[in-house]
Amino acid sequence: MNFEYTDKVKGLIEQLKTFMDDHIYPLEPDYLAWVSNHENDWKNWPPMEDLKEKAKAAGLWNLFLPANYGDLSPGLSNLEYAPLAEEMGKVQWSPEVFNCAAPDTGNMEVLAKYGSDADKEKWLKPLMNGDIRSAFLMTEPLVASSDATNIETSIVLEGDEYVINGRKWWSSGIMDPRCAVTIVMGKTDPNAPRHSQQSMILVPKDAEGMEILRPLPVFGNVDSPHGHGEVLLTNVRVPKENLLLGEGRGFEIAQGRLGPGRIHHCMRLIGMAQRSLELMCKRVAEREAFGRYIKDFSSIRQAIAKSRCEIDQARLLVLSAADMMDKQGSKGAKELIAMIKIVTPMMTQKVTDRAIQAHGGMGVSNDTPIAGYWVTARTIRLADGPDEVHMHQLGRLTVKEHTS
Ligand SMILES: Cc1cc2nc3c(=O)[nH]c(=O)nc-3n(C[C@H](O)[C@H](O)[C@H](O)COP(=O)(O)OP(=O)(O)OC[C@H]3O[C@@H](n4cnc5c(N)ncnc54)[C@H](O)[C@@H]3O)c2cc1C
């Protein structure tokens, strides 16, 4: 495995870092002040659209899309995208500036792979342009959704339309005023074999019968402007052409969507852990307690050394998964994807926890981004499959490998 970056990627990393230094880091306090004021809930942060135009003009746009999509994507491999996503991860709202934010990225990949020409024109084009946003509705409050075969939402064909009924929650991004389209997972045939019951269908957010019941807070914060909604779908009717790929193919789409989604989360988490380490080093080098700099206490040096080792270990594992995805696709890389999804959020949770401790009280405040990183790492241990589900599958595959 050769993880040496090509000249093209080295150039993009430099360009991205310069963009972040010039346009993103200086605005971190402004963004925080805006989202902390509840009068601004569910409104778009004013500088965002201007920043997006700047990023687009600089060619730092849709960097996540592996295939080449004309002028709107440079067509990077997963391995090439990894260091760029790591940089973006350092400021949690910055992926949106480069049109690289979840859940749009996964939804764009689904539309690019499985959408009809009409779907692409209507939804993919404006998503790739950054004109609209989207949401992905799989998880349901009434069933254990880490087992997606439990999903109960019904999708029933009536004439030329599908009729959808169900209740979803944790629909990230649905509160955003720019969210225009959702991808809903449900069952078209509850009597089919277990993994052929589910389908995915495009539902406009303003479809009649789609009702947002409430935004769900994450550790007390509603994550405006994107939010995570609880959504009721009552007799929602959409044209039958909105069904993606075909009835019973929902699992196939979910697997294709979640592979890239998981690795992108991990790449950004490495960035969060790396910046936490950098901030921790700076802080302990400038504060004194009990007659010495905090950096000179053995326990602090151990925290720093352990964090550095763990970040590098996770980064190499993520690069290895990216390399495997480039060579063998999400299916071929499924064990490595499970491994990084187990290792990386936990690593970031540990590193950010140490960085919080080393900052003292400041660490749990919003004066650094570290507390926000901790929250993200903790929630990603649930989102896109809880740790235990990945361990359950990886354990099963590992036993199989050594016994068959
Ligand atoms: C911030 C956030 C954003 C999210 N965004 C989205 C989104 O945009 N769209 C969407 O559809 N969903 C989203 N989710 C939902 C997320 O994917 C689910 O919460 C997750 O899949 C778990 O499903 P569940 O909550 O129903 O937990 P359950 O399925 O009820 O599981 C609860 C717990 O049971 C245990 N468990 C389950 N299976 C096993 C096993 N095999 N072995 C051992 N223990 C096990 C685990 O500890 C697990 O955490 C989001 C969640 C969060 C927190």
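**Entry 1**

I began with the area buried between domain 1 and domain 2, and it comes to about 1,800 Å². Carbon and sulfur atoms give 61% of that. Buried area here is the accessible area, taken with a 1.4 Å probe, that two parts lose on being put together, summed over both. I noted that interface size is often given in just this way, as accessible area lost when the parts come together.

The C-alpha centres of the two domains are 24 Å apart.

For the bounds, I have domain 1 at 7–129, domain 2 at 133–244 and domain 3 at 251–403. They come from an automatic or database domain assignment.

**Entry 1: ground rules**

I kept in mind that this is a predicted model, where local features need pLDDT of at least 70 and side-chain atom pairs count only at pLDDT 80 or more, while totals for chains, interfaces and linings use all residues. Residues are numbered from 1 along each chain as its sequence is written, and side-chain values use heavy atoms, with hydrogens and water left out.

**Entry 2: around the ligand**

I found 18 residues around the ligand, each with a heavy atom within 4 Å of it. Phe136, Thr139, Ser146, Trp170 and Ser172 come nearest.

Then I checked polar contacts, meaning pairs of N or O atoms within 3.5 Å. A polar side-chain atom of Thr139 is 2.7 Å from a ligand nitrogen. Phe136 puts a backbone N or O atom 2.8 Å from a nitrogen of the ligand. At Ser145, a polar backbone atom lies 2.9 Å from a ligand oxygen.

How much of the ligand does the protein bury? I get 70% of the 980 Å² that the ligand exposes taken alone, using Shrake-Rupley areas with a 1.4 Å probe.

Strand E3 (161–172) and helix H12 (387–403) each give two or more residues to the shell, and H12 gives the most, with 3. Helices (H or I, at least four residues) and strands (E, at least two) are DSSP runs, numbered from the N terminus. Domain 2 and domain 3 each supply at least three shell residues.

Most residues other than glycine have a negative phi, and most peptide bonds are trans. I went looking for exceptions.

The Ala102 to Pro103 bond is cis, with omega near 0 degrees. Pro103 sits in the loop between helix H5 (94–97) and helix H6 (104–114).

The loop between strand E6 (210–215) and strand E7 (228–239) holds Pro225, and the bond from Ser224 to Pro225 is cis, with omega near 5 degrees. Asp223 is in the loop between E6 and E7, and its phi is positive, about 60 degrees, although it is not a glycine.

Methods: Polar contact = N/O pair within 3.5 Å; in protein donor to acceptor, adjacent residues only side chain to side chain.
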